[in-house]
Amino acid sequence: SLMFIVLSGCASFVANEITSPRNSFAKGDFSDWAVEKRICDSNSYCVKTISLDDSSKLYSGLTFNFKSKENHKVWRYKVNNSNFKDVKPLANQLILLFAGYNQPTQLLMVHQQWLKQMTGADVIIVSSADDSEKFKFGLDYTSPVVSEIKRLQPAKVHLIGFSMGALLASAVEQQVDNAQLYLFAPMTDFEYSTKAIFNTIYQ
């Protein structure tokens with residue numbers, strides 16, 4: 001029982017450190033082509049997502065300003081329409097992007113637009129775990145996401161998880177038969193995460 005108490009304490013410590021206030025400086029207006037939508041499960045538990053407005057024109061470019069202490073970077077993206085293929089290899093398929101903790105959804109929107117244009121799949125961004133009313137590492141989003149996949153009935157589902165978003169992507173993959181999983185810098189090893197945070201703060 002002592003081990004259980006220690007592990008529970010470690011999990012609480014990790015959650016507390018992760019959910020401490022952070023500042024996000026990514027801002028932008030995507031209202032002309034991004035659609036914010038809430039998807040819900042059968043118990044009316046909902047999560048925020050971002051889809052693309054099919055009726056809108058392809059953006060010609062995006063600009064992001066990033067400020068961190070004394071550093072300031074401006075990233076500009078310009079679209080070359082000639083690069084987009086006529087063949088859409090993933091038509092009738094679904095791509096879900098799962099944001100990492102405190103990861104601005106604006107950053108994923110660049111990938112979302114590109115993936116939509118290049119593959120023909122529907123591409124949806126699922127908001128990060130810190131948007132949840134009660135922080136549960138994003139795992140509480142599993143039921144609404146699975147319900148939305150069942151509602152859309154895609155031929156195949158591609159689950160792309162970034163950092164903490166990998167936890168949710170992995171949980172969803174276990175409940176969807178036709179899913180393919182892609183994880184980037186996945187935060188799936190809680191023992192490693194606990195040690196990493198402990199070493200950072202107390203070393």
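1. Does Lys37 count as buried, partly exposed or exposed? In this predicted model, Lys37 counts as partly exposed, with a relative accessibility of 32%.

2. The side chain of Lys37 meets that of Glu148 in a salt bridge, at 3.2 Å from N to O. Because Glu148 belongs to helix α3 and Lys37 to strand β1, this pair ties together parts that are 111 residues apart in sequence. Glu148 has a relative accessibility of 9% and therefore counts as buried, the limit being under 20%.

3. Glu148 also forms a salt bridge with Arg151, at 2.8 Å from N to O. Both residues lie in helix α3, 3 residues apart, so about one helical turn separates them. Arg151 is exposed, at 52% relative accessible area.

4. The whole structure contains 4 salt bridges. One of them joins the side chains of Asp131 and Lys48, at 4.0 Å from N to O. Asp131 is in the loop between β6 and α3 and Lys48 is in strand β2, so parts 83 residues apart in sequence are tied together. Asp131 counts as partly exposed at 42% relative accessibility, and Lys48 counts as partly exposed at 27%.

5. As to the sheet, 6 strands form an open arrangement in the order β1-β2-β6-β5-β7-β8, with mixed pairing. Its edge strands are β1 (34-40) and β8 (179-184), each pairing on one side only. Strands β7 and β8 run parallel and are joined by 6 bridges; Val157 has Ala179 in β8 as its bridge partner.

6. Helix α3 (residues 142-152) lies across β1, β2, β5, β6 and β7, at about 105 degrees to β1.

How values were computed:
Residues numbered from 1 in each chain as written. Predicted model: local features only at pLDDT ≥ 70, side-chain atom pairs only at ≥ 80, totals over all residues. Heavy atoms only, no water. Pairing = 2+ DSSP bridges. Helix = DSSP H or I, 4+ residues; strand = E, 2+ residues; numbered from the N terminus. Contact = heavy atoms within 4.5 Å. Axes fitted to C-alpha atoms, helices over the stretch in contact; angles between N-to-C directions. Buried < 20%, exposed > 50% of the residue type's maximum accessible area, 1.4 Å probe, protein only.
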